[in-house]
Amino acid sequence: MSNAISLSSLIPAGLSVEQFEACEGALIVTASARNRQAVCPSCSSRASRVHSRYIRGVTDLPAAGRVVRLRLVTRRFRCDVGTCRRKIFAERFGDTVPERARRTGRMECIVHYLGLALGGRPAASFAERLMMPVSNDTLLRVVRRRAQQRDDPLRAVGIDDFAFRRNHCYGSIICDLERRQIVKILPDREIATVAAWLADHPEIRIVSRDRGGGYGEAAALALPEVVQVADRWHLMENASAAFLATVRNSMKPIRAALGATTIDPKLLTSAERIQYEGYLRREEMNGVVASLAASGITIKEIVRQTGRSRKLVRQIVRGERTDLFRTRQGSLDPHLPYLDAQWEAGCRNGAELWRRLRSQGFRGSLRVVGEWATRRRRSEQISGSELRRTPSARAIARLMTLKRDHLTKTETVTVAAIEAGVPNLAKARELIDRFHAMIRSREVGDLSSWIHDAEGSLLASFARGISKDASAVQGAITEPWSNGQTEGQVNKLKLVKRQMYGRAKLDLLEARLLGAA
């Protein structure tokens, strides 16, 4: 049984081949419609009298590595309906060859998907390799023309912001949480803009958002009855950030508790001495800014007088710039769990540990592992009188929030000294643990008691923020919705935006995202 493929089966359906010609790397096919009648576009009546014919050039999908060009014989018909204003009309080919199109419908579809996936110039380069030459402007026009706004009813939406230009210009993205699709991209994150869009969709019942107040105000203004849901990840992150800020503000009593109120530069290493000198310079600037702030001068005026950045001045005023030794992540940090396991198994030789780490993919030197082994060996002989070097605020926050069975002897002694010397910080740590447990276990009944207990602690500022946004926090505990998928759509948006090198307009960005969904 033969499986021969005819030329008619390779061209769009509804057309018949009249002539075939191959020249200069292209296949030229002359074709015409099979129907003997055509429908008048004005009165929808059928016409069979042919007035004239003309040739219409259309590009089709390539075949056998060659460009295919259709010479479409198009007929003009006479409309016999006396009341119809259109006396002569050209026949239409439907979706096979759209009206006034220079490409067939199936090629238009491929061009559209290339534009969605790659954008302008990359898609044009790839289309040329596929024997479908099309310009980058044409690709973007097709994406814009075929963009369709979604009109499905919305019940639960997630709102988040994204940066057109970080710290300067922001937009808003709105996602359908049920269908996991992008619905709309707004040009800014102003309350009025978001509220106007929400007011046009009164069917919305759930609004998931981050902890920022702007979207909450917009939702309350446009849809007072809507249920607002704060993102659970942001709640956990805000709680951890609040505890870190509390530790930073408590660094002076922490140093006193660890017996590190004075530093002997002779006992410091070269790297620590450099950090200590930088700390002294920072303390001098901190004193100048703090004195200006205490006299009632605004942050803007302090920035003008000192020449420092607004962010730096704000950090000093809030007490967030008091770390003595700031730690950085080293090449050994990802391998610390493996080293701890090997140490507990009895391997105490630095060279042997280094050889075992090399088999695990570690590319550092023997010196790094040897220094770690020396520090670990000394830490097992630590005493209270040797607590002279104060860790950074971030390191202390991490130690206090880790489980105790995951700490070394040095870390355990450090945490015990801090809790004994700064009991308010230990209470703040307990409150953070309670808050995290409440979010994980979805115990909404504990929220009011937690706010009451936290109002008199070092976390009073964070507790006031939770109290002001209590309804959204309660929704985060009771409702199944989360803003996580909206964050994922923001990542997709950033990828598409960077593909276009930041030069595309908002309508093209929205068309690519909605079309890809």
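The model described here is predicted, and its chain averages a pLDDT of 85, with 90% of the residues scoring at least 70. Over residues 383-387, however, the pLDDT is below 50, and this stretch has six contacts in the model beyond near neighbours in sequence.

**Domains and record annotations**

- The domain assignment divides the chain into domain 1 (12-102), domain 2 (107-146), domain 3 (156-231 + 482-515), domain 4 (235-243 + 392-468) and domain 5 (265-378).
- Between the C-alpha centres of domain 3 and domain 5 there is a separation of 38 Å.
- In an unreviewed entry, UniProt lists residues 157-256 and 375-512 for "domain: Transposase IS204/IS1001/IS1096/IS1165 DDE"; in the model, residues 157-256 are 43% helix and 31% strand, and the end C-alpha atoms of that span lie 50 Å apart.
- The unreviewed UniProt entry also lists residues 37-80 for "domain: Transposase IS204/IS1001/IS1096/IS1165 zinc-finger", a span that is 0% helix and 70% strand in the model and whose end C-alpha atoms lie 12 Å apart.

**Nonpolar cores**

- The largest nonpolar core holds 45 residues, of which Val-247, Ile-254, Phe-435, Trp-450 and Ile-466 touch the most other members, and at least three residues of this core come from each of domain 3 (156-231 + 482-515) and domain 4 (235-243 + 392-468).
- Another core, of 18 residues, lies apart from the largest one and includes Val-183, Val-194, Tyr-215 and Ala-218.
- Once its neighbours within four places in sequence are left aside, Ile-254 is in contact with Val-247, Thr-390, Ile-396, Ile-418, Val-422 and Leu-425.
- As background, nonpolar side chains in soluble globular proteins tend to be buried together.

**Two individual residues**

- Asp-469 is placed in the loop between helix H18 (460-468) and helix H19 (470-478), where it touches Arg-209 and Arg-211, not counting residues up to four places away in sequence.
- Why does Asp-469 count as buried? The relative accessibility of Asp-469 is 12%, and the cut-off for buried is under 20%.
- Ala-117, which is found in helix H1 (residues 105-118), counts as partly exposed because its relative accessibility is 46%, a value that falls between the cut-offs of 20% for buried and 50% for exposed.
- With residues up to four places away in sequence not counted, Ala-117 touches Gln-499 and Arg-512, whereas Ala-117 and Arg-355, which are 238 residues apart in sequence, are 46 Å apart in space, C-alpha to C-alpha.

Methods
Residues numbered from 1 in each chain as written. Predicted model: local features only at pLDDT ≥ 70, side-chain atom pairs only at ≥ 80, totals over all residues. Heavy atoms only, no water. Core = buried A, V, L, I, M, F, W, Y, C linked by side-chain atoms within 4.5 Å. Buried < 20%, exposed > 50% of the residue type's maximum accessible area, 1.4 Å probe, protein only. Domains from an automatic or database assignment. Contact = heavy atoms within 4.5 Å. Helix = DSSP H or I, 4+ residues; strand = E, 2+ residues; numbered from the N terminus. pLDDT = per-residue confidence, 0-100. UniProt positions renumbered as here; feature names shortened; annotations may be inferred.
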